[in-house]
Amino acid sequence: MGKVMEPLLTMQGITKVFGNTRALDDVGIALRPGEVQALMGENGAGKSTLMKILIGLYHADAGTVRLGGQQVAFTSPREALTHGIAMIHQELYPVRDMSVADNIFLGRESAPSPLVP
C-alpha cells in the first residue's frame, strides 16, 4: 500500500449559525494531494455555506481551516484565490462556444496558484 499523505486542506469543527438556524454544526473535511472528492447533500445541507467559509465570503462561528498545516481565515474570495483556492459556482448559462474547462476558468485565466507547479 502507498503512503498516506498529510492533508493539504482541512476544515475542522466548522459551525455556522444564521439567526435561529444552525447551518453547519461541527463539520469537517480533509483533502489530500491527488485525491478527488465530492461534497454532496440535499438542498439546504450546508454545502455552499461550507465552501463560502473556505473562500472568505462567510466567517465561521467556530472551527478552523488549515492550508498546508497553517491555520488560515480568508476574508475575501480574492485572498483565497491568492492561495490557490476558488469556488466554481453552478452556472446555468455557460458560454456554448467554449469548452467545459474554458467555462470553468473564465475570468481566472492568469491567476497564480502556489498549489499548482
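Student: How many helices and strands are there in the protein chain, and in what order do the elements run from the N terminus on?
Tutor: This is a predicted model. The protein chain holds three helices and four strands. Read from the N terminus, the order of these elements is β-β-α-β-β-α-α.

Student: Which order do the strands take in the sheet, and which strands stand at its edges?
Tutor: The four strands form an open sheet with antiparallel pairing, in the order E2-E1-E3-E4. A strand with a single partner has one side left without a neighbour in the sheet, and this applies to E2 and to strand E4 (70-72). From one strand to the next, the twist averages 30°. The order is thus E2-E1-E3-E4, and the edge strands are E2 and E4.

Student: How many bridges join E1 to E2, and how many join E1 to E3?
Tutor: Strand E1 (residues 9-18) runs antiparallel to strand E2 (residues 21-31), and E1 is also antiparallel to E3. The hairpin of E1 and E2 has two residues between the strands, and glycine 19 there adopts a positive phi near 60°. The bridges number seven for E1 with E2 and five for E1 with E3.

Student: Which residues of H1 are buried, and why do they lie on the same side of H1?
Tutor: The buried residues of H1 are Thr49, Leu50, Ile53 and Leu54. They lie on the same side because they cover an arc of only 145° around the axis. In general, an α-helix has 3.6 residues a turn, so residues three or four places apart point the same way. The value that accounts for the shared side is 145°.

Student: What covers the buried residues of H1, and what angle does the direction of H1 make with that of E1?
Tutor: The cover includes E1, E2, strand E3 (62-67) and helix H2 (77-82). H1 packs on the sheet, where it touches E1, E2 and E3. The direction of H1 makes an angle with that of E1 of about 115°.

Student: Is threonine 49 buried or exposed, and which residues does threonine 49 touch?
Tutor: Threonine 49 belongs to helix H1 (residues 47-54). Its relative accessibility is 13%, under the 20% limit, so threonine 49 counts as buried. Not counting residues up to four places away in sequence, threonine 49 touches Lys16, Phe18, Ala23, Leu24 and Tyr58.

Student: How many salt bridges are found in the whole structure, and what is the N to O distance between aspartate 61 and lysine 16?
Tutor: A search of the whole structure gives two salt bridges. Aspartate 61 is in the loop between H1 and E3 and lysine 16 is in strand E1, so the pair ties together parts 45 residues apart in sequence. Lysine 16 counts as buried at 11% relative accessibility, whereas aspartate 61 counts as partly exposed at 46%. The N to O distance of this salt bridge is 3.9 Å.

Student: With which residue does aspartate 25 form a salt bridge?
Tutor: Side chains of opposite charge can pair when their charged atoms come close. Aspartate 25 is exposed, with a relative accessible area of 52%. Its closest O atom lies 3.6 Å from the N atom of the partner, which is arginine 22.

Student: What percentage of the residues in the protein chain is buried?
Tutor: The protein chain exposes about 8700 Å², of which carbon and sulfur atoms supply 54%. The chain has 117 residues, and the buried share of them is 21%.

Note on methods
Residues are numbered from 1 along each chain as its sequence is written. This is a predicted model: local features need pLDDT of at least 70, side-chain atom pairs count only at pLDDT 80 or more; totals for chains, interfaces and linings use all residues. Side-chain values use heavy atoms; hydrogens and water are left out. Buried means under 20% relative accessible area, exposed over 50%, partly exposed in between (1.4 Å probe, protein chains only). Contact means heavy atoms within 4.5 Å. Two strands pair if DSSP finds at least two bridges between them. The arc is that of the directions from the helix axis to the C-beta atoms. Axes are lines fitted to C-alpha atoms, for helices over the stretch in contact, and angles run from 0 to 180 degrees between N-to-C directions. Accessible areas come from the Shrake-Rupley method with a 1.4 Å probe; for residues, only the protein chains shown count as cover. A salt bridge is a side-chain nitrogen of Lys or Arg within 4 Å of a carboxyl oxygen of Asp or Glu.
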